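Please read the report below alongside the sequence and the coordinates. It is written for a reader who wants each geometric term tied to its cut-off.

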Amino acid sequence: MALLSRLIVGLVSIAIFHLAHGQTVSAPCPLAVKTVQIEGGVISYLQGGKGAPVLLLHGLFGQKEQWMEMGCALANQGFNVIAPDLPGYGQSAPYPVTIYPLETQVNILHRFMHQVSGESFHVAGNSMGGAISALYANQYPQEIKTLAFIGAPLGVIAWSDQVRESIFQGVNPFIPINLEQFDLEMRLLFSRPPSVNEEIKAQLTQEYRENNRHYQQVWDIVNFYGNSLNRLPKQTLRTFIVWGKDDGIFSIAGLPTLKKKYPNSQSYPLGNAGHLIMLEETSKIVRIYSQFLSKSN
């Protein structure tokens, strides 16, 4: 199900966030929107730059544009950046609800990368995208150069106390249906929540109300993967980890567990950063991640 109106207002929210925190793209961005047909649907993705391919995967109810600033910077530094709307998210449609299990997402992405890249690549993900990245690396290790968790991944530690308490009170903070719940979601996602126009908030919450059953179905499926990374065997793959100390979705207490699972890793706990860390600390992450990638190449 492609939720175009949510995509539009989501982009506006991201733009407001960057303006509020003084983040700008310093060079023309080579990323362009492209599409490819996969498994009866269409995958929409951003691609640009030349060099080693880097696949960037967003999290639950996210979209490819969350990687725009980071992707532009990496493309300008000599990498072929590929950032898709995952199947069933953003503008990647139409797909049935059966597309949302993470193993199915991995299989679709496998076909997608063979069409748009055709070679081994680096993969990085945020939140659910991190779990999908890890599952992909485990299933197709010969295709992956390095793995990166840009922010806490799903599958290592349980939902934070704030998320659990909210759900116990009957409120799913990932599916806000009024302005108060929307503000709660922002506080959980960001260390420094963006200032979002009231009209945009109203449009977003209306979208959640009108398509509530669909969102709940997706949430129910993804929620089965809360221990998915812990079930994987220990990995020797060269791995990059950055985790916000103020993450309101997954506590940074999960970082030691992740490092044990990926002993060949470089990890960076970042202060004043939350769950959508690629939006809050773009410049810092681009600097250390590009160095990691360059050494790997």
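The model is predicted, so local features need pLDDT of at least 70 and side-chain atom pairs count only at pLDDT 80 or more, whereas totals for chains, interfaces and linings use all residues. Residues are numbered from 1 along each chain as its sequence is written, and side-chain values use heavy atoms, with hydrogens and water left out.

**Core**

The largest nonpolar core has 97 residues, and Phe112, Ile150 and Tyr289 are the members that touch the most others. A nonpolar core is here a set of buried Ala, Val, Leu, Ile, Met, Phe, Trp, Tyr and Cys residues joined through side-chain atoms within 4.5 Å, where buried means under 20% relative accessible area, exposed over 50% and partly exposed in between, with a 1.4 Å probe and protein chains only. Leaving aside neighbours within four places in sequence, Tyr289 is in contact (heavy atoms within 4.5 Å) with Val54, Met70, Leu74, His122, Val123, Ala124, Ala148 and Phe240.

**Helices**

Helices (H or I, at least four residues) and strands (E, at least two) are DSSP runs numbered from the N terminus. Helix H6 (residues 179–189) packs against helix H7 (residues 198–210) at an angle of about 100°, and their axes are 9 Å apart; the axes are lines fitted to C-alpha atoms, for helices over the stretch in contact, with angles running from 0 to 180 degrees between N-to-C directions. H6 is therefore roughly perpendicular to H7, a label that covers 65 to 115 degrees, while angles under 35 count as roughly parallel, over 145 as roughly antiparallel and the rest as oblique. H6 contributes Leu179, Phe182, Asp183 and Glu185 to this contact, and H7 contributes Glu198, Lys201, Ala202, Leu204, Thr205 and Tyr208.

In helix H8 (residues 212–222), the buried residues are His214, Tyr215, Val218, Trp219, Ile221 and Val222. They lie on the same side of H8 because they cover an arc of only 165° around the axis, the arc being that of the directions from the helix axis to the C-beta atoms.

**Buried positions**

| Residue | Relative accessible area |
|---|---|
| Ser127 | 10%, buried |
| His110 | 18%, buried |
| Phe121 | 1%, buried |

Not counting residues up to four places away in sequence, Ser127 touches Gly59, Ala152, Pro153, Leu154, Phe250 and His275. Ser127 and His275 are 148 residues apart in sequence, yet 7.7 Å apart from C-alpha to C-alpha. With the neighbours within four places again left aside, His110 is in contact with Tyr136, Tyr140 and Glu143. Phe121, under the exclusion of residues up to four places away, touches Pro53, Leu55, Met113, Tyr136, Glu143, Ile144, Lys145 and Thr146.

**Backbone details**

Ala93 and Pro94 are joined by a cis peptide bond with omega of about -10°, and Pro94 is found in the loop between strand S4 (79–84) and H3. Glu39, although not a glycine, has a positive phi of about 50° and lies in the loop between strand S1 (32–38) and strand S2 (41–48). Phe61, also not a glycine, has a positive phi of about 60°; Phe61 lies in the loop between strand S3 (52–57) and helix H2 (68–76), and is buried at a relative accessible area of 7%.
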